[in-house]
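Please look over the protein chain shown below. A short report on its predicted model follows.

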Amino acid sequence: VWSKAMFNKEQLPVYMEFYSEKSIRQYDESFYEYDSMGRPVRLFSRKDPPGKGVLYQYKKNPDGSFTQTRKDKPDPDYKVFNAKRQMISYVFFDNGQNGKTERYFFYNDQGDLLREKEMMYKKEGDKWVPLSKEGTTKTYRYLYDQHNNWVSKESTYNGKYFELEKRTITYWD
């Protein structure tokens, strides 16, 4: 799959076209609308009725963080972002399976993700019961270049080696 995107002056996507790998025909497109702080409030396609699509609303929290809530679902998913606009938690519901997933995110001083913790729950009566005591944990370890940008990222999943990602960054004077 490949895509073409158009960005606004704040470098936020406002339109994207999506194409299949072997075709030059467009198979989907998305439009994005933002609030005055650059946070998405609506994602939609031409097929969506006016005012519909994926809708978000925001609430500022006393500690400087804010909560993003989906307005278009019966059990609204929500994300909490810290004052640096890093996602620190994400709760979403699988209404068809009576399931709930909670994810928590932890960052280093450079703003890179260090750890993700995920817990899954099943609804039993009025209570959410965890599917496992520990859940799952994904950790990340970075190697940085002389400009303090990471060039190697190693990840583990529940303590076992999972993936190594390397990148090359070219700097111009």
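## Salt bridges

D35 forms a salt bridge with R39, and their closest N and O atoms are 2.8 Å apart. A salt bridge here is a side-chain nitrogen of Lys or Arg within 4 Å of a carboxyl oxygen of Asp or Glu. D35 is partly exposed, at 22% relative accessibility. R39 is buried, with a relative accessible area of 12%.

E17 is buried, with a relative accessible area of 13%. K4 is partly exposed, at 43%. Another salt bridge pairs E165 with K153, with the closest N and O atoms 3.7 Å apart. This pair also links distant parts of the chain: E165 is in strand 14 (residues 160-166), K153 is in strand 13 (residues 150-157), and twelve residues separate them. E165 is partly exposed, with a relative accessible area of 34%.

## The model and its confidence

This is a predicted model: local features need pLDDT of at least 70, side-chain atom pairs count only at pLDDT 80 or more, and totals for chains, interfaces and linings use all residues. Residues are numbered from 1 along each chain as its sequence is written, and side-chain values use heavy atoms, with hydrogens and water left out.

The mean pLDDT of the chain is 90, and 96% of its residues reach 70 or more. pLDDT is the predictor's confidence in each residue, from 0 to 100. Where is confidence lowest, and where is it highest? The lowest is in strand 1 (residues 2-7), at a mean of 80. The highest is in strand 12 (residues 136-144), at 97. Where pLDDT is low, predicted coordinates should not be read in detail.

## The overall build

The chain has zero helices and 14 strands. Both are DSSP runs, numbered from the N terminus: helices are H or I with at least four residues, strands are E with at least two. The C-alpha trace spans about 60 × 45 × 40 Å along its principal axes.

Of the 173 residues, 33% count as buried. The chain exposes about 12500 Å², and carbon and sulfur atoms supply 51% of it. Accessible areas come from the Shrake-Rupley method with a 1.4 Å probe; for residues, only the protein chains shown count as cover.

## Core and surface

Which residues make the largest nonpolar core? The six are Y90, F105, L113, Y140, Y142 and W150. Such a core is a set of buried Ala, Val, Leu, Ile, Met, Phe, Trp, Tyr and Cys residues joined through side-chain atoms within 4.5 Å. Leaving aside neighbours within four places in sequence, F105 is in contact (heavy atoms within 4.5 Å) with M87, I88, S89, Y90, L113, R115 and E116. T101 lies in strand 9 (residues 99-107). T101 is buried, with a relative accessible area of 8%. Not counting residues up to four places away, T101 touches residues including Y90, V91 and F92.

L114 lies in strand 10 (residues 113-124). L114 is partly exposed, at 33%.

## Loops

Most residues other than glycine have a negative phi. Q11 is not a glycine, yet has a positive phi of about 65°. Q11 lies in the loop between strand 1 and strand 2, and is exposed at 58% relative accessibility. R85, also not a glycine, has a positive phi near 70°. R85 is in the loop between strand 7 (78-81) and strand 8 (87-94).

K52 is in the loop between strand 4 (40-44) and strand 5 (54-60). K52 is partly exposed, at 48% relative accessibility. Not counting residues up to four places away in sequence, K52 touches R42 and F44.

Key: Buried means under 20% relative accessible area, exposed over 50%, partly exposed in between (1.4 Å probe, protein chains only).
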